[in-house]
Amino acid sequence: MGIKIAIKSNKEKDDFNLDVEIKWLFFKIYHKKISKMDDFGGNNNHKENSSSNNLKKILPLIKNNIGKLSKLLIVFIKSIELEKLNGNLIFGFYSPVTTAITFASINNIFTMANIHNKSDLNVGADFTKEVLEFNSEIIFKIRLLKPIFAFLRFITTKSGFELIKQLRNLL
């Protein structure tokens, strides 16, 4: 039992679509469709002085907790289970030579990823024009019990609690 996350994306010419869906059991917790690049950003009007002061406080705390943070990250990564990874990529550069070299490199990476039976990644090259088109789908499940316990263990330490407090002040 865990949370299932599905992310689908599609880019053709100047059109980009992103669909994010989060489910728990059969209940849809979150669903968002984004169809323009304008929806990704916003106004980033943060005060640089206060964020740099907070960053100066956070970096030593991260350094002191690096072992605990790495254990927390390992527990989180081990709780992720890949269900499906599909993708198609078509690209081309101005230079056919650059396109061919890049195609070979990406094709090798995709071939290694396709060894996993839940993965289906394809790449194509267009040697006649500059183009970047893709569509992808990734579905994975996160089992929450172990990460929650690991996070609780982390924040019950004094230095972990202080780090979380400083991170909250940063936002």
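**Chatting about a helix and some salt bridges**

Q: How many residues does helix α5 have, and how far does it reach?
A: Helix α5 (residues 158-170) has 13 residues and reaches 19 Å from its first C-alpha to its last. That is close to the 18 Å expected at 1.5 Å a residue, where the expected span is 1.5 Å times one less than the number of residues. Helices (H or I, at least four residues) and strands (E, at least two) are DSSP runs, numbered from the N terminus.

Q: What sort of model is this, anyway?
A: It's a predicted model, where local features need pLDDT of at least 70 and side-chain atom pairs count only at pLDDT 80 or more, while totals for chains, interfaces and linings use all residues. Residues are numbered from 1 along each chain as its sequence is written, and side-chain values use heavy atoms, with hydrogens and water left out.

Q: OK, back to the helix. Which residues of α5 are buried?
A: G160, L163 and Q166. Buried means under 20% relative accessible area, exposed over 50%, and partly exposed in between (1.4 Å probe, protein chains only).

Q: Where do they sit around the axis?
A: They're on the same side of α5, because they cover an arc of only 125° around the axis. The arc is taken from the directions from the helix axis to the C-beta atoms.

Q: And which ones are exposed on the other side?
A: K158, F161 and R168 are exposed there.

Q: At what angle do α4 and α5 cross?
A: Roughly 100°, with their axes coming within 6 Å. Axes are lines fitted to C-alpha atoms, for helices over the stretch in contact, and angles run from 0 to 180 degrees between N-to-C directions. So α4 and α5 are roughly perpendicular to each other, a label for 65 to 115 degrees.

Q: Which residues meet there?
A: From α4 it's F151, F154 and I155, and from α5 it's G160, F161, L163 and I164. Contact means heavy atoms within 4.5 Å.

Q: Switching topic: how many salt bridges are there?
A: The count comes to 8. A salt bridge is a side-chain nitrogen of Lys or Arg within 4 Å of a carboxyl oxygen of Asp or Glu.

Q: What does E83 pair with?
A: One partner is K4, with the closest N and O atoms 3.3 Å apart. This pair links distant parts of the chain, with E83 in strand β4 (residues 80-92) and K4 in strand β1 (residues 3-12), 79 residues apart. K141 also forms a salt bridge with E83, with the closest N and O atoms 3.7 Å apart. K141 is in strand β6, 58 residues from E83. K4, E83 and K141 are linked in a network of salt bridges.

Q: Are those three buried, exposed or partly exposed?
A: Partly exposed: E83 has a relative accessible area of 24%, K4 is at 33%, and K141 is at 25%.

Q: What about E81?
A: E81 forms a salt bridge with R143, the closest N and O atoms being 3.5 Å apart. E81 is in strand β4, while R143 is in the loop between β6 (131-142) and α4 (145-155), 62 residues apart. E81 is partly exposed at 32%, and R143 is partly exposed at 35%.

Q: Last one: where's E21, and what is it in contact with?
A: E21 is in strand β2 (residues 15-24). Leaving aside neighbours within four places in sequence, E21 is in contact with K4, I5, A6, K28, Y30 and H31.

Conventions: Parallel < 35°, antiparallel > 145°, perpendicular 65-115°, else oblique.
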